[in-house]
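Visitor: I'm new to this one. Can you put it up and take me through it?

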Amino acid sequence: MHRHLLLHLRRRLLSTSAAAFSPPTQSPYLLLRRPISSLSSLPYPHSLAPRPPRRLPPDPDDPSTLLREDPISLCASIWIDSFRDPSATASSLSPHLRRLELWVLAYQKVYADETGSYLPKSSVSRPALESLLALRNAVLDGRFRWGARLDLFIRSPRDKTDPSSLSKRKLRALLTSAQPPPFQDRIVQEVLLMILEPIYEARFSQKSFAFRPGRTAHAVIRTIRRSFAGYLWYIKGDLSTILDGVKPALIINALIRDVRDKKVVDLIKSALTTPVITGRAIDEEAAKKKKKKRKYQKKRVLAEDEPKPDPYWLQTFFGFAPEEAEKLPDWGHCGVLSSLLANVYLDELDKWMEEKIKEFYRPSKSDVIWTGGEEQGNTSWPEFVPTSGPDKTRKMDYIRYGGHFLIGVRGPRADAAVLRKLLIEFCDQRYQLKLDNESLAIEHITKGIMFLDHVLCRRVVYPTLRYTATGGKIISEKGVGTLLSVTASLKQCIKQFRKLEFLKGDRDPDPQPCFRMFHATQAHTNAQMNKLLQTMVEWYRYADNRKKVVNFCSYIIRGSLAKLYAAKYKLRSRAKVYKIASRNLSRPLKDKKGQSPEYHNLLRMGLLDSIDGLQYTRMSLVPETDYTPFPSGWRPDHEKVLLEYIRLEDAGTLEEQRNCLREQGLVTPQDYVSTLVWNYKKSALVPPSLEENDAQRAKEELLGSNRDEIKDRIREGEENGGVLQAAQM
């Protein structure tokens, strides 16, 4: 570096006059003889002075300059702002659409769904970023079209076809037949979902579940167990026809109540109104006729970037989906936005029902449950309702899961009939949905109410009630009342198994062999069925008859596998399979003579894989029902964290906590540490600096004082010893 600097200086000095330097009396040759360190003290000529680098304006077409922040922090800020002021109208959402960070995050999510593998942000290629930027600009400029087949801004990583190389026949088939949604459409849907979901999650009713984060079917069952114990009459409604399709104008009217950004609203409106291309039935029939049946079908090998299909156990469990969860909305080109728009559309029903709940509530102090207090009912045992004459309090509750809702009424049946009439009129006016008394039947709790494949009923119990009377005396007495029971429907479970061809018959169900697992090994088949049983155990976690229904599922699956192994290994009967493979099918089966070699010896030598036996073959192995108390006013964990963060971020919260500590005479740890540090600084004395003589003198004084102390202790010990001897004499 210094050598290049010297050469540069020599050329400049030879080409310029000596008067340009300071001092002017010195020769340039003398300057060159100076050491390098002395050259730094010379003033630079004007032409050699270092110039500051020119800062170019950021290129709007360069993706690297637009990725400034973390996309997760951007999403978190949208959630925090939405929950801080839920009633504010969202009128400016276009700035969020301009953030390329959100588009990259949406690309990562869609890429993971498409290929089955997660793509880190640092691994997103430069061409993909440029394509995302082009897609973003097209959405902002209004050049984006839903459902495009040829003019694509970004393609799927699995799409290797070149439209220019396709023949006319293939192009016609591509443009007229049903195809999966384009990759770029799914990216736009994810971006809109990331922007709109926090806005509406802060506004949605606490009575609505499904298609919302954290609000699962288990939360519905636990809410019913806690809050619906005192209701006698129930109205069960089905609005699932709305999920099949609604007029776009009605959805847009519900959307613009809270979102007033024209670009976002127009984008969703075009997604709803753009027609979806579906294949013609004539072409399908012609293709079936032309297709020749082959005797042997070759197995298709999956590509490296192609996601694997769902395993057998997961496909089987999806067959157990209850009626309320079977339908998923899919409106136009909205994709994942359809579920959010369905909740936006049905949110008006939730708000209307909340108003009716307040109007209908008429408490009575003589009622055994609700007397008008804030914390009403038996909080320690909410399922128990003591029996004490007629129900005097008028009250009702409401809960919705997707397109199905359940209303509980405490009072006479006439009140439920009036509410049903108002509900029919409301659905006719707002949703243009024709309902009648048969579709909204009023049923008593004693008949059993089916909801999410769980039966709600009440049974009479005689518990021993213990309470503390006046004076602190504990009194125990026999009580009588009803208990809300939430049990899994065994009839519905048999129906689902029959639909999946696991059994036949109703009264005496007979397991059928599961031939779909015929070519799988015994270890793989048992592992798949164990995963299915574990999922069933989790699904029936809050059912009162959890042990019974899970043990029944295990019996059906075990019988089905036993018949499969009997057919596969030619063992003729299930009894022979159980004899060789044991009760839980954990020992290996062999087709020669129906005998199994020494399993432990082969396992020790590593000649075979270990086989896991079927779980829950006995009722004692099934876990107990989860009766964990469900808190009132429950919220999902992410909502609690958001609300707590907003509360702690408020300056008034900190001042309120400080005032509370002062009133109780307490001190915060921070104030206590500050007081200790301040007292130490205020009372500490800085000693003067010591010299060598002073240090030596201090050392001698310290050693002298130690010697004097030792001599005094020895003298005191001798005196004490003399006194003891005199006392003994």
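Visitor: Let's start with helices H8 and H10. At what angle do they pack, and how far apart are their axes?

Guide: This is a predicted model. In it, helix H8 (residues 126–141) and helix H10 (residues 183–201) pack at an angle of about 70°, and their axes are 11 Å apart. That angle makes H8 roughly perpendicular to H10.

Visitor: Which residues make the contact?

Guide: Leu132, Leu135 and Val139 make the contact from H8, and Gln184, Ile187 and Val188 make it from H10. By class, 5 of these are nonpolar, 1 is polar and none is charged.

Visitor: And what is the handedness of the crossing?

Guide: H8 passes H10 in a right-handed crossing.

Visitor: Let me step back. How many helices and strands are there in the chain?

Guide: The protein chain has 27 helices and 13 strands.

Visitor: What share of the residues is buried?

Guide: Of the 729 residues in the protein chain, 39% are buried. The chain exposes about 45,100 Å², and carbon and sulfur atoms supply 54% of that area.

Visitor: What about contacts along the chain: what share joins residues at least 24 apart?

Guide: The share is 74%, counted among contacts between residues at least 6 apart in sequence.

Visitor: Back to helices. How do H20 and H21 pack?

Guide: Helix H20 (residues 522–539) packs with H21 at an angle of about 160°, and the axes are 10 Å apart. H20 and H21 are therefore roughly antiparallel to each other. The crossing of H20 past H21 is right-handed.

Visitor: Which residues of each helix are in that contact?

Guide: From H20 they are Gln522, Thr525, Asn526, Met529, Leu532, Leu533, Met536 and Val537. From H21 they are Arg546, Val550, Cys553, Ser554, Ile557, Leu561, Leu564 and Tyr565. The contact of H20 with H21 has 11 nonpolar, 4 polar and 1 charged residues.

Visitor: What is in the loop between H21 and H22?

Guide: Arg572 is one of the residues there. Phi of Arg572 is near 75°, a positive value in a residue other than glycine.

Visitor: Is Arg572 buried or exposed?

Guide: Arg572 is exposed, because its relative accessible area is 83%, and the cut-off for exposed is over 50%.

Visitor: And Leu585, where is that?

Guide: Leu585 is in the loop between H22 and helix H23 (599–605). Phi of Leu585 is also positive, near 60°. Leu585 is buried, with a relative accessible area of 0%.

Visitor: New topic: Ser338. Which helix is it in, and what does it touch?

Guide: Ser338 is in helix H17 (residues 337–360). Not counting residues up to four places away in sequence, Ser338 touches Pro329, Asp330 and Trp331. Ser338 is buried, with a relative accessible area of 0%. Between Ser338 and Leu272 there are 9.6 Å in space, C-alpha to C-alpha, and they are 66 residues apart in sequence.

Visitor: Last one. Is Leu74 buried or exposed?

Guide: Leu74 counts as buried because its relative accessible area is 10%, and buried means under 20%. Leu74 is in helix H5 (residues 71–84).

Visitor: What does Leu74 touch?

Guide: Apart from residues up to four places away in sequence, Leu74 touches Glu69, Arg99, Glu101 and Leu102. The C-alpha atoms of Leu74 and Met194 are separated by 10.0 Å, and the two residues are 120 apart along the chain.

Methods
Residues numbered from 1 in each chain as written. Predicted model: local features only at pLDDT ≥ 70, side-chain atom pairs only at ≥ 80, totals over all residues. Heavy atoms only, no water. Helix = DSSP H or I, 4+ residues; strand = E, 2+ residues; numbered from the N terminus. Buried < 20%, exposed > 50% of the residue type's maximum accessible area, 1.4 Å probe, protein only. Contact = heavy atoms within 4.5 Å. Areas by Shrake-Rupley, 256 points an atom, 1.4 Å probe, with all protein chains shown as cover. Axes fitted to C-alpha atoms, helices over the stretch in contact; angles between N-to-C directions. Parallel < 35°, antiparallel > 145°, perpendicular 65-115°, else oblique. Left-handed = near helix turned anticlockwise from the far one by under 90°. Nonpolar A, V, L, I, M, F, W, Y, C, P; charged D, E, K, R; others polar.
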